[in-house]
Amino acid sequence: LHMGKTMKEDLTVVVKYIKQLYPPEFNVFSTYAELYHNYFASQAKKNAESHLEDKDIYLLLSWVHNIYPKDMRKDHVLAEELEKVKLGSLLPSSLSKELEKKYLDSEEATIKNSLSKCLDKEIQRWKEDKEPEKLNGHFQSELLAIFVIQSIYSGQKRAKDISAAVGEELSDRLSKELPAFLKSYKDAFEDFKEKSKKHRYYKPILIANINNCWNFRDYAEKNMAETDYNKASILSTLGDIENSGFDVLLQQLFAQLKPIYKKFTENKWDSSNEIMNEIIKTTSKHISDFRTLKDPFYHAIMEKIHARLVKEYIVRLLKRKVSLKTPAQQQNLAQHISKNAADLEAFCTSNGSQATWLNSALPKLAEIIRLQDLGAIKIEVATLATTYPDIRKRHLEAFLYIKANLSRSELKSILGYLADSTASTPPGAPLFSNINVS
């Protein structure tokens, strides 16, 4: 710093006051500049060849790439004269490259180490008998994401401050660190999930970890290119953590709902309104716990619940337990299904489900049961298949068991129509593909 300041001040004096006292051919500024530069460069080389701490390497590289060429040589008083002198770099290229490698190796190792320690601390926190902190009503452990992202970002910025090339090199090296860290985080999360079921704050800790994914997801979405392989890897790992957490949170609810859904076919759908009320009441009790999820995750878990409620209802319709011979009986069942569908949709929508794609499944099935005209049934089946392209012949055949007044040829005609209309359609939103027909 002292040499740099002295060189800058002295050369400024040469430009302003001394240069004009000599004839031009003396190149007096050039003489001064070369002598100062050679001395400065010799000192820099001497330092570079001695044993330097990491901070000293960083400072020396900053002088070589940044401070010396930009702050000093581009100084508004000196720039024009220094352009004529062509002084070169403070360090030989080979020595500069050697220092850069030392710096990059050290910085990469330091960041790796600090991320590893950060994860260890996080795992330790899970084991403590403490409820996670809440922010705006959501369980969270935001320090983890903030620390990890800041460590990587700060490292990249420090390197970029030396030079664009050094910044790019470190960014390339660190690009693999976030995916690697998140894979370790996922493994630790899975380990906690399996081994700590009796932990007093088991569910709040799961929720906090799902919420943690948001900051990582947001960072990747905003700062990484769509074509970046690492981005796909990061988002995939985060999706695994989130879905793994959702599965555990929903286990108890889905287990409680199974015997309730069985009542539909056991009672021949006669008390379907009471059964639907019981399903809604049971689901409501669990939803309040999920409010501690951040909004995007709350909507995601509500969509999973919504899809499960609709799917389980369809499963009961496909059980071949009810066979109705008269149009009046079929009309009555269609009304029950329509009412249940409306109640289910109102409940899920009012509780934050944005899965509007599910809303037409049950009403369309009710309409197929209600209709008696073969042409009208075919049109409704075609509409159903367009909305839910993953419906297959086996699903429709099991469902049409309800319409006992269809002749074998009529049944074949309807099923053939479905096979034609879905033959080349890839599955969109998966609803029927998750339903096995026994």
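Does Lys294 count as buried or exposed, and what is its relative accessibility? At 14% relative accessibility, Lys294 counts as buried, since buried means under 20% relative accessible area, exposed over 50% and partly exposed in between, with a 1.4 Å probe and protein chains only. This comes from a predicted model, where local features need pLDDT of at least 70, side-chain atom pairs count only at pLDDT 80 or more, and totals for chains, interfaces and linings use all residues. Residues are numbered from 1 along each chain as its sequence is written, and side-chain values use heavy atoms, with hydrogens and water left out.Lys294 sits in the loop between helix 11 (272-290) and helix 12; helices here are DSSP runs (H or I, at least four residues), numbered from the N terminus. Leaving aside residues up to four places away in sequence, Lys294 touches His138, Glu142, Asn211, Trp214 and Asn215, where contact means heavy atoms within 4.5 Å.

Now for the nonpolar side. The largest nonpolar core has 132 residues, and Phe216, Ile314, Leu317, Leu362 and Phe399 touch the most other members. Such a core is a set of buried Ala, Val, Leu, Ile, Met, Phe, Trp, Tyr and Cys residues joined through side-chain atoms within 4.5 Å. Helix 10 (residues 229-266) supplies the largest share of this core, 13 residues. Beyond four places in sequence, Phe216 has contacts that include Leu144, Phe181 and Leu238.

Technical notes
Helices (H or I, at least four residues) and strands (E, at least two) are DSSP runs, numbered from the N terminus.
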